[in-house]
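Trainee: I would like to learn how to read salt bridges in a model. Please take me through some cases.

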Amino acid sequence: TIAARLVEAQRTAAILTTFNEADVSELQALRARHRARFRERHGVDLGLVSLFARATILALRKAAVLNASIEDGDVVYHRRVHLGVAVSTPRGLVVPVVRDADGLDIAGLERRIGELAGRAREAKLGPDELRGGTFTITNGGVFGSVLSTPILNPPQSGILGMHAIQDRPVARDGQVVIRPMMWLALSYDHRLVDGAQAVRFLVRLKEHVEDPVGMVLDA
């Protein structure tokens, strides 16, 4: 079924991928400062995927077309964000869906993603937990992937690929400094989403990742 859907996406959608990179030094510093207290208060970890999930949701607020889909020739705009999160399991890749993810705070996202990932690895997900997603994120960085072009999960119009964090030289205020950097890849259906919309989404996402305090306060 997974293979058939991937082939369907390649055959029916006009898939294009746009890239940007984010400096995650502030995000890492925030996690280091608050991780223990966050775990004590909420009973879950302050995970990277849940932070990126929250940043994605905030970026989608001003990019509704990336949370839309083409269904039977009609463009359907979804009022809620049902976020698919790709999970690697012994039986292959599955994408459980966090329902109404836009209504969850970071702790709620971490808790729900953890629950779904655990059920996925135990092969205990129900059919309803695997369908109805409106946007997907996938983290190839946990396996060391530096750059990739993720394939859409039809009928969704967008998928975000996260990658490995690497220390790289970058220019800051006229100086070359070393920063932990991550490539971000947004694949989207060009029938529905144009390049400018995709770029603006990635820029907003980058802003949230590089200013995580603002992102948390906006939760």
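This is a predicted model: local features need pLDDT of at least 70, side-chain atom pairs count only at pLDDT 80 or more; totals for chains, interfaces and linings use all residues.

Mentor: Residues are numbered from 1 along each chain as its sequence is written, and side-chain values use heavy atoms, with hydrogens and water left out.

Trainee: How many salt bridges does a search of the whole structure find?

Mentor: Side chains of opposite charge can pair when their charged atoms come close. A salt bridge here is a side-chain nitrogen of Lys or Arg within 4 Å of a carboxyl oxygen of Asp or Glu. The search finds 14 of them.

Trainee: Which parts does the pair Arg172 and Asp23 tie together?

Mentor: Their side chains form a salt bridge at 3.3 Å, N to O. Arg172 lies in strand β10 (residues 166-172) and Asp23 in strand β1 (residues 15-23), so the pair ties together parts 149 residues apart in sequence. Helices (H or I, at least four residues) and strands (E, at least two) are DSSP runs, numbered from the N terminus.

Trainee: Is Asp23 buried or exposed?

Mentor: Buried means under 20% relative accessible area, exposed over 50%, and partly exposed in between, with a 1.4 Å probe and protein chains only. Asp23 is buried at 7%, whereas Arg172 is partly exposed at 29%.

Trainee: Where do Arg80 and Asp102 lie?

Mentor: The closest N and O atoms of their salt bridge are 2.8 Å apart. Arg80 is in the loop between β3 (74-77) and β4 (83-85), and Asp102 is in the loop between β7 (97-98) and α4 (106-121), so this pair links distant parts of the chain, 22 residues apart. Arg80 is partly exposed at 36%, and Asp102 is partly exposed at 24%.

Trainee: What separates Glu210 and Lys206 in helix α5?

Mentor: About one helical turn, because they are four residues apart in that helix (residues 195-210). Glu210 is partly exposed at 27%, as is Lys206 at 21%. Elsewhere, salt bridges that share partners join Arg112, Glu115, Arg119 and Glu129 into one network.

Trainee: Which residues does Asn153 touch?

Mentor: Contact means heavy atoms within 4.5 Å. Not counting residues up to four places away in sequence, Asn153 touches Arg5, Val95 and Thr136. Asn153 lies in the loop between β8 (135-139) and β9 (158-162) and is buried, with a relative accessible area of 18%.
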